[in-house]
Amino acid sequence: MINENQNRSSANTSQDFVLFGALGNLSLKKLLPAMYQLELSGLLDKSLVMHCVVRDGVSASELSSKITKFIKPRLPKGTFNEGVWSNFIDRIKCINVDLEDPSQYKKLTKALHNNNSVVTYYFALPPRLFEVVCDNLYSAGIIYKSSKIVIEKPIGRDYESSQKINDKLADYFEEERIYRIDHYLGKETVQNLIALRFANSILSNLWNSKNIEYVEITATETIGIEDRWGYYDGVGQMRDMLQSHLLQLLCLVAMEPPNHLNSLNVRYEKEQVLKALEPITDNIIRAQYVDGEVSGKSVPGYLNEEGGSAQSDTETYICMRAEISNWRWSGTPFYLRTGKRLANKVTEIVIHFKPDQHFIFDKDQKGLSGNSLIIRLQPTEGISIDILTKDQGIEKGMRLRKDPLNLDFVESQKVSRIPDAYEKLILEMLNSEQRLFVSRNEVELAWKWCDQAIQISNHTSQQLHHYSAGSNGPDIAKEMIQKYGHRWHEDR
Ligand code: BG6
């Protein structure tokens, strides 16, 4: 049973933040640096204690020295402060627990603030440990009604397994206390999509299939799978990136205006988009990178990556044409693509507006018509609109040219840095705000749609294509979009 004694709200109570997997990649690269930035900004409650759960044999001093050695040199320029760092390190308590041994959870019970805290369990753990750790926390009697749990994607590898994980979480935590992270939702520019869409009438009035020809959502990376073969090979780009990050972006681009900007309304609208996604029947391309060059350096193909095996048909690139069957979007395709080891790191959304029906300029310039709105999420955050103007010069007559009208968020808002997504997400979670987290329904609807797409793409007639590392991906992705008279943004 859930421990009913501590049904407290977060106001006026202390905070216990229990970090499982505290010395793992995610914690060192993202979570702990984000906590430090919150400390630096004075946003962490004075009472908050960070219980870093590590395996046996790591002492408290080893833990803090590992954290310091790893994080300090990697902090963004100008953000290290000796005094703040030492306060931050003081918050950290080292707890050695063998996660699969229920008897060891007593150490955690002892360490938590007594009867007077909101406890957050952050699972920076492989999904296979979710169940056992939940069971063991429960047996130790330290899941309270007010406890929160934070878990990372991937939540399962298909609809069925995600349901199993969600069922397990629901046994112990109420949905309002489950924080499922999709870190894209914490990115400033992703949140900005909402401002852009719903605070600008020149855009909101045009945001539908009557005015929009097609939408591109792209997330390309230059990195390969790093040292993650063990995780990645059973997963692939569809499950690793498309099922979560790209579908979340699609939802934010396509959803109806929520009545209010709260989690209930925003999640409801995103769910409606996922429900309206047409099953994929065709137009899905899977590909894998082979040896090539990225930024002038030779890099191995996927099968030659460290830890790799000579045979695997896991895709490292996926591209598809999705359709949303609803009043707003029927007839406007959404092209989604994401891949590893490509020429550039780019995350962007491009909205291609329809040209005017009647073109009064020289016919040979018709191809120029139609504006595009480019929303850049990475690596430089901003937006630009391709605008047609007259080419300057009396000899040019009424020749047209297309130029970008550019807004760079860092420059225009004079900010020294854009906070990392995890800073925002952890802060929201500590404040019990769920709008930037993914609901159970969203996860399961996304899996249902992806399961069907995966089934189609695994069909024997759908071969696995190849592309050189450092390229723009397989040529067939160009052919797919050109078939419909459309072009990728970089080819225009
Ligand atoms: C993660 C994926 O969720 O997102 C990684 O598991 C991927 O494979 C990463 O590299 C990309 O995140 P970002 O913020 O760099 O675009």
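View 1. A polar side-chain atom of Glu 221 is 2.5 Å from an oxygen atom of the ligand, a polar contact being a pair of N or O atoms within 3.5 Å. The side chain of Tyr 184 places a polar atom 2.6 Å from a ligand oxygen. An N or O atom in the side chain of Lys 345 lies 2.7 Å from an oxygen atom of the ligand. On its own the ligand has 400 Å² of accessible area, and the protein covers 81% of this (Shrake-Rupley method, 1.4 Å probe). The model is predicted: local features need pLDDT of at least 70, side-chain atom pairs count only at pLDDT 80 or more, and totals for chains, interfaces and linings use all residues. Residues are numbered from 1 along each chain as its sequence is written, and side-chain values use heavy atoms, with hydrogens and water left out.

**View 2. The shell around the ligand.** The ligand is surrounded by 13 residues, each with a heavy atom within 4 Å of it. Tyr 184, Lys 187, Glu 221, Arg 228 and Asp 240 are the closest. Helix H10 (residues 236-254) supplies the largest share, three residues; helices are DSSP runs (H or I) of at least four residues.

**View 3. Cysteines without a disulfide.** The count of disulfides is zero, a disulfide being a pair of cysteine sulfur atoms within 2.5 Å. For Cys 134, the nearest cysteine sulfur is that of Cys 52, 19 Å away. Cys 134 is buried, at 0% relative accessible area (buried means under 20%, with a 1.4 Å probe and protein chains only). For Cys 319, the nearest cysteine sulfur belongs to Cys 450, 14 Å away. Cys 319 is buried at 0% relative accessibility.

Methods. A polar contact is a pair of N or O atoms within 3.5 Å; within protein, one must be able to donate a hydrogen and the other to accept it, and residues adjacent in sequence count only if both atoms are side-chain atoms. Helices (H or I, at least four residues) and strands (E, at least two) are DSSP runs, numbered from the N terminus. Buried means under 20% relative accessible area, exposed over 50%, partly exposed in between (1.4 Å probe, protein chains only).
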